[in-house]
Amino acid sequence: MNREEKVVCVTGGSGYIASWLVKFLLHHGYTVKATVLDLNDPKQTEHLFALDGAKERLFLFKANLLEDGSFDSAIDGCEGVFHTACPLFCTNDSQAELIDPAVKGTLNVLRSCTKVPSLKRVIITSSMASVMFDGKPLIPDVVIDETWFSDPTYCESIKHWYLYAKTIAEKAASKFAEESGIDIVTIHPGFVIGPFLQPTLNVTVEVILNYINGETFPNEIYRFVDVRDVASAHIQAFEQASANGRYCLVGRVVHFSEFLKIVHEQYPALQLPEKCEDHKPFALKYEVSKEKAKSLGINFIPLEVSVVDTIECLKDKGFLGV
């Protein structure tokens, strides 16, 4: 593949995963058309324009997930689209703040894709949220893989609207792609950590920071993956002709107490929480299959490396004093 002649689009280009994706695409010689919500907000643009190759091959476009045709100009002339834009949380109205942007936004992007004859493939950033939540118990002999699908009725019943939004958005995208003949691949990362390029805290790294600074830790299993592996997987899923369907991306499954142990080993001066937030037995670990992800050439960055790089980034950007 002659990358130097390839033009691709990254939606939500200022985000955590998307910023690394833009960085890697530029490094590989691609011309990148990235969308942001506000072209006049330096927090959305400056870190992107600072990337190597940005001056020559990065073009930013204003786009909104809920505006019909908003992505037409950014996607026009592209061979690939990486749809990463999606809200992660809501404050008041789950329908308006989470569900509509996830579902209608994805369909809006895909409709723009149908207008572009040069388009070869769309890579959609989904989540393990749309894979593993169906109410079945997650116990040590369970291995989750790409054949699993979250149950929207279950997600709705537990009122976890992010899970629900990602689940129905994936279903809507698959149906639209089948009807319109678009080749889509979906990437399903776990809990993403690692260094961040944007100047603001993203949701997952902020969760880690809050627990490091907190008094208790959650009695939960975390499915960690490094942001750089997630970005690399997107590019491989676009470049490999054989790539298809869904890809789970989880480097390591650990109880949060194990995560804190790794942090403590690397940063003994940090005052980490020692108490669990409840008195129940620790949640049991399960596994997430790496087989299909490895077919993309992904050799997962060790969690210990991701932890150090995350904390060093938090220190460098002034969010954590050690």
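**Figure 1. Threonine 31 and what it touches.** Not counting residues up to four places away in sequence, threonine 31 touches Lys6, Val7, Val8, Arg57 and Phe59. The model shown here and in the other views is a predicted one. Threonine 31 is found in strand β2. Is threonine 31 buried or exposed? Its relative accessibility is 17%, and since buried means under 20%, threonine 31 counts as buried.

Figure 2. Strand β2 covers residues 31-36, and valine 36 lies in it. With a relative accessible area of 3%, valine 36 is buried. Which residues does valine 36 contact, once its neighbours within four places in sequence are left aside? They are Ser14, Gln44, Leu48, Phe61, Lys62 and Ala63. Aspartate 226 sits 190 residues from valine 36 along the chain, with 23 Å separating their C-alpha atoms.

**Figure 3. Valine 225 in strand β10.** Here we turn to valine 225, which is found in strand β10. Its relative accessibility is 3%, so valine 225 counts as buried. Set aside the neighbours within four places in sequence, and valine 225 is in contact with Pro189, Gly190, Phe191, Val192 and Ile193, along with Val230, Leu249, Val250, Gly251 and Phe300. Isoleucine 301 is 76 residues away from valine 225 in sequence, yet C-alpha to C-alpha the pair are 7.9 Å apart in space.

**Figure 4. Helix α8 and its buried face.** Helix α8 runs over residues 203-212, and its residues Thr204, Val205, Ile208, Leu209 and Ile212 are buried. Why do the buried residues line one face of the helix? Looking down the axis of α8, you find them within an arc of 140°, so one face is what they line. What covers these buried residues includes the helices α1 (16-27), α10 (256-266) and α12 (303-316). Strands β8 (191-193) and β10 (221-226) are also among the elements covering them. Strand β10 is the one that holds valine 225 from the previous view.

**Figure 5. Lysine 159 in a loop.** Lysine 159 lies in the loop between α6 (152-157) and α7 (161-180). What is the phi of lysine 159 near? It is near 55°, a positive value in a residue other than glycine. Lysine 159 is exposed, with a relative accessible area of 60%.

**Figure 6. Zooming out to the whole protein.** The protein has 12 helices and 14 strands. Its radius of gyration is 19 Å, close to the 20 Å that the globule rule gives for 322 residues, so the protein is as compact as a globular protein of that length. The C-alpha trace spans about 55 × 40 × 40 Å along its principal axes. Of the 322 residues, 54% are buried. Take the contacts with a separation of 6 or more: 78% of them are between residues 24 or more positions apart.

Methods
Residues numbered from 1 in each chain as written. Predicted model: local features only at pLDDT ≥ 70, side-chain atom pairs only at ≥ 80, totals over all residues. Heavy atoms only, no water. Buried < 20%, exposed > 50% of the residue type's maximum accessible area, 1.4 Å probe, protein only. Helix = DSSP H or I, 4+ residues; strand = E, 2+ residues; numbered from the N terminus. Arc of directions from axis to C-beta. Contact = heavy atoms within 4.5 Å. Rg over C-alpha atoms; globule rule 2.2 N^0.38 Å.
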